[in-house]
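Here are my notes on this model, as numbered points. Please read them with the structure open.

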Amino acid sequence: MNDIKKIIKLDIISILPYFTIKNLIIILFLYGFYFFITKNPIIAVTMPMIFSMIYSSYPFLIGNTKGIDNLYRIFGIKSKKVVIGRYIFSVFVFIIGIIFTIIFAFISMLLSKNIKVIEILKILPFYLLIYLFIISIQYPLLFKYGYYKVRIIYFITFIMIGIIIFLGKNFIIDLFILINNHILISILTVLIISFIIIKTSIEISEKIYRKKDF
């Protein structure tokens, strides 16, 4: 457990230089831009989720450029602990994204009187499922090929999310209503599906990372 904590702490330290005022301004600008175009309050959740995915990949970037993975092997840290630590770190990043979601939700409420913060927050479990699903696809690839070979996936991901928001607006609204009417069942369903997805992804990543040569 101590090794996992060290890995999470090291991953957190590795992304701190990227938490800059410049990046915050970019996030706010993109949020305002997409909200102005779509008038969709879901953007308050979507934008932080996208940037959470970006930041969750940075430890792989640092690992490739600074040789941190080699240090893990030198110090005898088991590959399974590295993998688990990395996945826990991704959840930590998502929690930070939730903080930004709350901020954006209040901004949305100020921009439109028809928007309620609580209504935006209710859909977070659904977005957690999407986030974990994408992370569960990306992480095995990142463990196998490294950051630079996999970064094209992020561009594809952003395009796909944009298309889904644009074309699937009515579906998202209907899904939101369904979740709102069955909030407890929806949360339990998300938790069960998330557990299955993340468990499978961790097992694949651990197998890949264990056999990887640095």
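1. How are α1 and α3 oriented to each other? This is a predicted model. Helix α1 covers residues 2-15 and helix α3 covers residues 43-66. They pack at an angle of about 95°, with their axes 9 Å apart. Angles of 65 to 115 degrees count as roughly perpendicular, so α1 and α3 are roughly perpendicular to each other.

2. Next, the residues at that contact. From α1 come Asp11, Ser14 and Ile15. They meet Tyr55, Tyr58, Pro59 and Ile62 of α3. By class, this contact of α1 with α3 has five nonpolar residues, one polar and one charged.

3. Now the core. The largest nonpolar core has 44 residues. Within this core, Tyr131 and Tyr139 touch the most other members. Helices that each supply at least two of its residues include α2 (21-38), α5 (79-111) and α11 (183-211). The largest share comes from α3, with 14 residues.

4. Leaving out residues up to four places away in sequence, Tyr139 touches Ser56, Phe60, Arg86, Tyr87, Phe89, Ser90 and Ser205.

5. Is Ser136 buried or exposed? Ser136 sits in helix α7, residues 124-145. Its relative accessibility is 10%. Buried means under 20%, so Ser136 counts as buried. With residues up to four places away in sequence left out, Ser136 touches Ile197, Ile198 and Ser201.

Key. Residues are numbered from 1 along each chain as its sequence is written. This is a predicted model: local features need pLDDT of at least 70, side-chain atom pairs count only at pLDDT 80 or more; totals for chains, interfaces and linings use all residues. Side-chain values use heavy atoms; hydrogens and water are left out. Axes are lines fitted to C-alpha atoms, for helices over the stretch in contact, and angles run from 0 to 180 degrees between N-to-C directions. Helices (H or I, at least four residues) and strands (E, at least two) are DSSP runs, numbered from the N terminus. Angles under 35 degrees count as roughly parallel, over 145 as roughly antiparallel, 65 to 115 as roughly perpendicular and the rest as oblique. Contact means heavy atoms within 4.5 Å. Ala, Val, Leu, Ile, Met, Phe, Trp, Tyr, Cys and Pro count as nonpolar, Asp, Glu, Lys and Arg as charged, and the others, Gly among them, as polar. Buried means under 20% relative accessible area, exposed over 50%, partly exposed in between (1.4 Å probe, protein chains only). A nonpolar core is a set of buried Ala, Val, Leu, Ile, Met, Phe, Trp, Tyr and Cys residues joined through side-chain atoms within 4.5 Å.
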